Amino acid sequence: EEGLVSVRFNGVEVAMIGQLGFVGISAVLGASDALGQQFIVHVPGMALSIAVDVFKKLSAAHPHIRDHFLRYADPFLVEIGQIGGCNGSHDIPQRVARWLVLASNNLGVYEIPVTHQKLADCLNVRRAGVTEALVALEAEKVVNATRGAVQILEPEVLESKACGCQKNIIARYRRWRVKPYRHELRLEH
């Protein structure tokens, strides 16, 4: 419903889950565990939950539910691959801008509650590198970084400062969301 979750492998963020995503893709794909993933809540918020066994029963009875969640696997896996490549080939300022754009997109807001250290942890870089990138963005009046938050002042300029990886990720998620959920589900208790 709201909030931001960081998905990590070996301590490095490979995806983020926001208001339109869900934690538990491995269960949808039939895996018995989270495949070595770590999930860290960066921005707390309201979330809905369902037990895996209940989800499996509902999916079996209503295949359109499982299909909807399976379609989410495509953009999620694209995001993992894209961020993995980004982490290995783009510089820190581009990655900071990319992270802020994606976080804003996932949260639906322009003020991201994140510290320099949390951002450095997500990007697997030194805090000083994040601070330098944010200071440069502040000098250009693209963001306003305060203690514990980054406010995006110029979203389009921030996107132009990012490496472009976020464009592929956002486009893929938009394709997933274009297919509306048209089935009504009535649960009997």
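## Close-up views of a predicted model

**Figure 1. Model confidence along the chain.** Over residues 179-189 the pLDDT stays under 50, and for this stretch the model has eight contacts beyond four places in sequence. The model is predicted. Across the protein chain the pLDDT averages 87, with 92% of the residues scoring at least 70.

**Figure 2. The open sheet β2-β1-β3.** Three strands form an open sheet in the order β2-β1-β3, and their pairing is antiparallel. At the edges are β2 (12-17) and β3 (38-43), each of which pairs on one side only. From one strand to the next, the twist averages 30°. Strand β1 (residues 4-9) is joined to β2 by five bridges, and the two run antiparallel. Within this pairing, Ser6 stands opposite Met16 of β2.

Figure 3. Helix α4 (residues 92-107) lies across β1, β2 and β3 and runs at about 30° to β2. Helix α5 (residues 116-123) also packs on the sheet, where it touches β1, β2 and β3. The direction of α5 makes about 40° with that of β1.

Figure 4. Ile112 stands opposite Val150 in β6.

**Figure 5. The hairpin of β5 and β6.** Strands β5 and β6 pair antiparallel over four bridges. Asn144 has Gln151 in β6 as its bridge partner. The hairpin has two residues between the strands, and Gly148 takes a positive phi near 90°.

**Figure 6. The largest nonpolar core.** The largest nonpolar core has 48 residues. Those with the most contacts inside this core are Phe76, Trp99, Leu100, Leu134 and Leu158. Helix α4 gives the most to the core, with eight residues. Leaving aside residues up to four places away in sequence, Phe76 touches Val7, Ala15, Ile17, Ile25 and Tyr173. In soluble globular proteins, nonpolar side chains tend to be buried together.

**Figure 7. Cysteines Cys86, Cys163 and Cys165.** The structure holds zero disulfides. Cys86 is in no disulfide, and the nearest cysteine sulfur, that of Cys163, is 3.4 Å away. For Cys165, the closest cysteine sulfur is also in Cys163, at 3.6 Å, which is too far for a bond. The cut-off used here for a disulfide is a pair of cysteine sulfur atoms within 2.5 Å. With a relative accessibility of 0%, Cys86 counts as buried. Cys165 has a relative accessibility of 4%, so this residue counts as buried.

Notes. Residues are numbered from 1 along each chain as its sequence is written. This is a predicted model: local features need pLDDT of at least 70, side-chain atom pairs count only at pLDDT 80 or more; totals for chains, interfaces and linings use all residues. Side-chain values use heavy atoms; hydrogens and water are left out. Two strands pair if DSSP finds at least two bridges between them. Axes are lines fitted to C-alpha atoms, for helices over the stretch in contact, and angles run from 0 to 180 degrees between N-to-C directions. Contact means heavy atoms within 4.5 Å. pLDDT is the predictor's confidence in each residue, from 0 to 100. Buried means under 20% relative accessible area, exposed over 50%, partly exposed in between (1.4 Å probe, protein chains only). A nonpolar core is a set of buried Ala, Val, Leu, Ile, Met, Phe, Trp, Tyr and Cys residues joined through side-chain atoms within 4.5 Å.
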